[in-house]
Amino acid sequence: MDFVETILNLDRRIIYTIVALLVLIPLIKPFSLPIKPTPEVIGIFREIDKLEAGDNILIAADFDPASKPELMPMLEAVLAHCFERGIKPHVLTLWPSGPGLAQQAIERQAEKYDKKSGIDYCFLGFRYGNVAVILGIVSSITDTFTTDYYGTPTRNMQIYQDVDAVRDMDYILDIAAGATVEGWVVYAAEKAGVKMGASCTAVSATAYYPLLQADQITGLSGGMKGSAEYETLLSGKYGVPKGDATKGMDAQSAVHVFIVLSIILANVCYFISLKREDEERRRA
Amino acid sequence: MLFFKRQWPIIIAFVMGIVMWARFYIPTEQSQTLQDEFMRWARILFGFAAMLGILSLLHHHWNKIKLKRPGFGFSVVTLVAFVIMALTGLLPVSWTWLGFADNLRSSNGPHMYLFEHMFVPMQATMFSVLAFFIASAAFRAFRARSIEATALLIAGCVIMIGRVPVGDWLASVTTVEMGSWGARSLINFPYVTDWLLNIPNAAAQRGIILGVILSQIAISVRIIFGIERTYMGGGD
Amino acid sequence: MTIGEIIGVWLAAGLTLMMFSFIYRDNAFFKLGEHLYLGISVGYFVNIQYHQVLVPDVIRAIRVEHDFWVIIPSLLGIFILLRLVPSVAWLSRMSFAFYIGGFAGVAIPNVIHGYFLPQLAETLRPFNAGLGNNLNQIVILLAVFTVLIFFFFSLEHKRIVGGISRIGLFFIMISFGASFGYTVMARISLLIGRFQFLLDDWIRQTILRL
């Protein structure tokens, strides 16, 4: 078997091993390539950074552990950004498997910045119904979430004495692993006239560019790279330590280069084999 | 009886659909209250609908054990795991003797312990395994067999490099001074990626979105007027 | 790290490796993990169901707020559960008709107003933003039009229509290529996340104690 045939019939276990090594090695010994924030992510960072202390931001943590490496760093970074600036985050989730991760992120950041639930932030938790929840909070947050995640009635909370609906929010951010962004845009941002940003998994990032172009969202962060860009912006301006997304970027680069090179190599070999077959047919 | 089984649901869907549709054009306090109440009811209904899924799954595994079908041992694992996970969050008992917090909703409670150390790693790993398969599939099946396939391949490869730091690095190391043009990068994947995502990709996605919206509207109209009845299921 | 945390990390690492064993081939360890995951996730959802739906929206509403209206949607909810009982399964149709009909009515005006029209307006923007942007605008117009033609199946895709839809397909392929690039990115990110856990939380913190 010559080189071309070897490549075309390469054992999948060799590819698996290379992928595993290319993830592992940069994690053990990072080469720290600089991360350049894109205008899409700057569009979210800038809007949140423009808010003043005491302003309110609605964060929908619509993701579960399956997208944790991509979106959890974004949630943590945005929460750190809010607490750093004195902005009050109202966190909720439309995903039934979402509250666990959101709880971890908000408790960790609140402890770090010494923030109090019900005063500086509120973790509303989860309610079933997607659009029914969005339209509910467009009308009244305390009627839709009568209690927060921990079972404390929301109506008496200090944080809800001056605000009670999406229109009272100063920004909306949907951190989404599924198709919830459209729902937030159509039923919340457009209806209440509040600016919105979207952070989504890389898989769905391309689908939200029309929203970005039409200014229906101010910014778009796609996957772990988007989260790493946000961490870079936050670290650059406020000195907040970079998180897991930034640490993973070298491995991401290494595997991407391998996959692109392997696609090129496989295609070159494929065309050589086609040419050979053609020649053999002509000879026959 | 047949009227209640077949016609009554269609009447309910029609009335609800027309009322909620018309409500949009009547911005009064009463119409807002009507929508708020509908949304509240819908949230409770969604909760029960989700419970239906849980019940039918448990029913399936219970039957498998009862009839001792092949692999019923795995169903035992499912049910035992379910009972333990459910009870740690529902039973109002103290778990402090095991070093856990007293509050069931606390992140230091037993329920969140199982969530963090079982649910999270299992779900995350299940999806991460796809990384190996997608790399292998790209190598084996991604071929420039036609113009369309070539467009797909080139766009995919450009974005894979242009959206990670190595793309920025390549652009910076190949930057040269070009007189009055200023500094220009010779291999600028991030620039091409930006254009691809913001222009042809956004436009194609918009075409798809507009098509989806039109079909969503058509389906909604069909539901309201009783032409689309799949939600009724089979039988009488 | 406490003993509990160390046990938790070892448990998570063991389960991670169990799920990774699928890469080699489908095996009993993976099946065990798969069923364990199923049970754990259903148990988790039951808790969410109880604490985030039943308690605040039904039990608290009746007991604390004395709001007895919630009995009606609760009854409709019980109708949904009756789908499991064949003789009265038809009752669930009332509940489905109620919310599917209602949401169809909610969706039509909202989607047109908040999604369709803004997207259409952005597509039909005037050409007054400089040469580069105008050229891009032409590409956008062409792409949106040809993609819509591609999905218009009431006309046979032959001759001019076939040619236009082929251009649409070309744009769709560019978009799918972009999606593919991003999908690779997503899957690799998830793998990085698991390796970060195995390296940092498991090996470094519990084995090497760094």
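Two strands count as paired when DSSP finds at least two bridges between them. I kept that rule beside me while I went through this predicted model, where local features need pLDDT of at least 70, side-chain atom pairs count only at pLDDT 80 or more, and totals for chains, interfaces and linings use all residues. Residues are numbered from 1 along each chain as its sequence is written, while chains are lettered from A and ligands numbered from 1 in the order in which they are written.

**Entry 1: the sheet of chain A**

I took helices (H or I, at least four residues) and strands (E, at least two) as DSSP runs, numbered from the N terminus. I started with β4 (residues 171-176) and β5 (residues 196-200) of chain A, which run parallel and are joined by five bridges. Within this pair, A:L173 has A:G197 in β5(A) as its bridge partner.

Next I traced the whole sheet. It is open, has six strands with parallel pairing, and reads β3-β2-β1-β4-β5-β6 in chain A. Which strands stand at the edges? They are β3 (122-126) and β6 (220-222) of chain A; each has a single partner strand, so one side of each is left without a neighbour in the sheet.

**Entry 2**

For contacts I used C-beta atoms, placed from the backbone, that lie within 7 Å of each other. For directions I used axes, which are lines fitted to C-alpha atoms (for helices over the stretch in contact), with angles from 0 to 180 degrees between N-to-C directions.

Helix α4 (residues 68-85) of chain A packs on the sheet and touches β1 (56-62), β2 (88-93), β4, β5 and β6 of chain A. Its direction makes about 160° with that of β4(A). Helix α5 (residues 99-113) of chain A lies across β1, β2 and β3 of chain A, and runs at about 170° to β3(A).

**Entry 2: domains of chain A**

I then checked the domain assignment, whose bounds come from an automatic or database source. Chain A has domain 1 (3-30 + 249-283) and domain 2 (39-242). The C-alpha centres of these two domains of chain A lie 40 Å apart.

Helix α3 (residues 39-50) of chain A packs with α11(A) at about 50°, and their axes are 10 Å apart. That makes α3(A) oblique to α11(A). From α3(A), A:V41, A:I42 and A:F45 make the contact, and from α11(A) come A:G226, A:E229, A:Y230 and A:L233.

**Entry 3: chain A meets chain C**

Helix α11 (residues 223-238) of chain A turned up again here. Its axis and that of α6(C) come within 7 Å and cross at roughly 75°. That makes α11(A) roughly perpendicular to α6(C). I noted A:G223, A:M224 and A:K225 on one side, with C:Y182, C:M185, C:A186 and C:S189 on the other.

**Entry 4: chain A meets chain B**

How many residues of chain A are in contact with chain B? I found 47 residues of chain A in contact with 45 residues of chain B. α12(A) gives the most to the side of chain A that touches chain B, with twelve residues.

Helix α12 (residues 244-283) of chain A and helix α6 (residues 147-162) of chain B pack at about 155°, with axes 9 Å apart. That makes α12(A) roughly antiparallel to α6(B). In this pair, A:H256, A:I259, A:V260 and A:I263 meet B:L153, B:C157, B:M160 and B:I161.

**Entry 5: chain C meets chain B**

Last, I looked up the contact that takes 97 residues from chain C and 101 residues from chain B. On the side of chain C, the elements supplying at least two residues each include α1 (3-20), α2 (28-63) and α6 (159-207). α4(C) gives the most to that side, with 23 residues.

Notes: Angles under 35 degrees count as roughly parallel, over 145 as roughly antiparallel, 65 to 115 as roughly perpendicular and the rest as oblique.
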